[in-house]
Amino acid sequence: MAPSAAPTAASTSAPIEALAQCAAQDLPFWRTFRQQYLITRETLDLPGFSTCKLAGWILYSPPNMARTRIEDETGKHIGYLTGIASLPGGLLGPSHRIPGLLSGTPGALDRFHDWLDDLAGRYTILLAVNDETRVYTDPATMHGAVYNRETGRVAASPLLCLDRPVELNPAFDHRWHEEHGGKYSLFHTRDRAVRRMNPNFYLDLDNFHETRFWPRQDSFALSDPDAAMDEIIATTRAHMTNISGGFDSYLPLTGGRDSRLLLAMGGQALDNVTAIFTNINNYATRRDAALAEQLCAAVGQPHQVNDKRKVKRPRDGSLAQAQAAFHVATATKLPLPDEYQTNTISGLAPNTVVLRGHQTDLLRAVYVAHTDKRKWKNFNWQINKLLIGPSDQRARIHARFDADYRAWLQTLPPAAQAKQIDFMFLEIYYPSSIGATFPGLSRNLYLSPFNARRLIGLALGFDDVARRKRDVVNDIIHRANPALDAVPYTDELGSDLGDLQDDAKVAAMVQPRQDATLARAAQTPPRA
């Protein structure tokens with residue numbers, strides 16, 4: 001079925017389900033949706049939101065949310081970016097000119113796409129160039145990106161797109177989703193009419209049709225893997241420094257690999273952040289805290305621990321209200337993350353940025369369960385990884401979603417086909433997980449400084465087997481900050497935390513990894 005055209009007539013009285021649900025549950029709209037936005041032709045009264053207009057469309061966003069006026073090389077206004085975005089050379093400010101982009105010329109949109117490759121952060125862009133009006137998102141839709149052709153709205157979450165109560169999507173077992181945290185995947189949402197954007201497509205606002213714009217290269221293969229590692233380190237460090245220098249920021253740290261990568265590459269950002277912290281909610285996170293303490297000592301930084309045993313839990317009903325607000329802000333029935341349930345989130349100041357390690361997991365090919373590409377032809381195990389429903393319903397799930405999965409596969413260009421499983425993770429799993437939940441966490445703004453298409457492309461260029469063996473992660477950390485090599489990971493540490501006080505036991509834990517890393521480093525020719 002061809003996509004319907006978007007509404008053209010503005011309205012001053014259009015209903016909006018987000019407002020209705022906030023009123024029904026006595027939730028302040030501005031606080032519930034303070035990390036979200038809405039793009040529409042309609043004139044709406046959204047308490048606490050400000051507006052800007054472009055090409056007949058109105059962008060609504062709260063005043064706490066950063067906004068950038070985008071201009072072409074001559075200063076002509078061509079768009080708005082809402083959210084936080086960084087280029088290697090600096091953070092985007094109130095206005096930004098794109099060098100080499102001349103609106104009205106044939107290559108204007110190609111130049112915009114080149115510029116977009118380097119952009120990291122959490123953002124949505126409304127663009128009007130060459131008689132085209134489009135919406136673009138960050139590479140994981142961390143900022144949230146859903147749309148409804150029936151209402152002609154694009155927003156961070158479904159209820160902002162609706163003028164009626166949610167009509168349940170018949171493809172899903174909603175009770176199981178509520179009880180087990182399932183994902184509304186393959187670009188579906190809980191509502192039958194609201195679609196989630198593919199982050200590597202743009203949305204044409206003339207007809208609400210999505211078109212792929214990335215990747216554009218023929219291959220992700222690297223001609224010089226060592227140079228790629230150096231670029232990853234320098235670029236991630238620049239983004240972390242830009243974001244932490246412009247916004248009060250926190251860096252979570254565990255005993256795993258993703259947060260250690262950010263710590264290793266952090267550079268000046270480690271001095272900028274308000275705190276490097278670990279939340280303790282259970283025994284596993286207590287192990288994380290013990291390892292994070294050693295990691296911080298290795299880089300000469302203090303470590304903050306937010307322990308649920310030492311945090312007072314509110315007794316004023318605020319947790320129940322926060323849970324209700326999360327349900328409304330995400331249009332799901334998912335529980336709040338552990339740090340909200342235990343109130344360890346109180347260790348972070350509100351209205352601040354939390355730097356997460358998402359997308360660095362591509363450096364260890366986290367979803368590539370099989371490097372034998374013959375097994376990629378079996379779509380059932382891939383659909384299972386999307387966490388759409390219970391294991392005893394897999395036959396039904398495979399039958400229902402096989403066509404959706406194949407349709408998505410048909411959109412992949414050759415470079416992406418060669419990294420099919422990574423792209424499943426990037427384009428399907430991430431939007432249905434963090435893209436669906438991050439906008440609903442209104443207290444703090446979560447983003448990844450690695451969330452840039454340039455960095456993602458470099459990560460995908462490394463050999464799949466080397467990524468799966470974690471060699472790439474270990475080599476990058478060794479190049480960026482070798483002092484961290486001597487601290488075990490959680491999967492190297494035994495059950496006794498006291499072993500961390502025994503230097504001989506710690507050395508035995510890390511020696512196989514260190515020896516392998518040093519052996520690979522010795523094979524690297526010196527750089528000119």
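Visitor: Where is the place of threonine 411?

Guide: In this predicted model, threonine 411 sits in the loop between α12 (394-410) and α13 (414-417), and, leaving aside residues up to four places away in sequence, threonine 411 touches Phe201 and Arg212.

Visitor: Why is threonine 411 called partly exposed?

Guide: The relative accessible area of threonine 411 is 30%, and since buried requires a value under 20% and exposed one over 50%, threonine 411 falls in between and is therefore called partly exposed.

Visitor: What makes α6 and α18 roughly parallel to each other?

Guide: Helix α6 (residues 258-265) and helix α18 (residues 471-480) pack at an angle of about 25°, with their axes 8 Å apart; because angles under 35 degrees count as roughly parallel, the two helices are given that description. The crossing in which α6 passes α18 is left-handed.

Visitor: Which residues touch the most other members of the largest nonpolar core?

Guide: Of its 120 residues, these are Trp115, Leu119, Ile125, Leu363 and Tyr405, while the largest share of this core, eight residues, comes from helix α14 (residues 420-432). A second, separate core has 23 residues, including Ala18, Phe29, Leu46 and Val328.

How values were computed:
Residues numbered from 1 in each chain as written. Predicted model: local features only at pLDDT ≥ 70, side-chain atom pairs only at ≥ 80, totals over all residues. Heavy atoms only, no water. Core = buried A, V, L, I, M, F, W, Y, C linked by side-chain atoms within 4.5 Å. Buried < 20%, exposed > 50% of the residue type's maximum accessible area, 1.4 Å probe, protein only. Helix = DSSP H or I, 4+ residues; strand = E, 2+ residues; numbered from the N terminus. Axes fitted to C-alpha atoms, helices over the stretch in contact; angles between N-to-C directions. Parallel < 35°, antiparallel > 145°, perpendicular 65-115°, else oblique. Left-handed = near helix turned anticlockwise from the far one by under 90°. Contact = heavy atoms within 4.5 Å.
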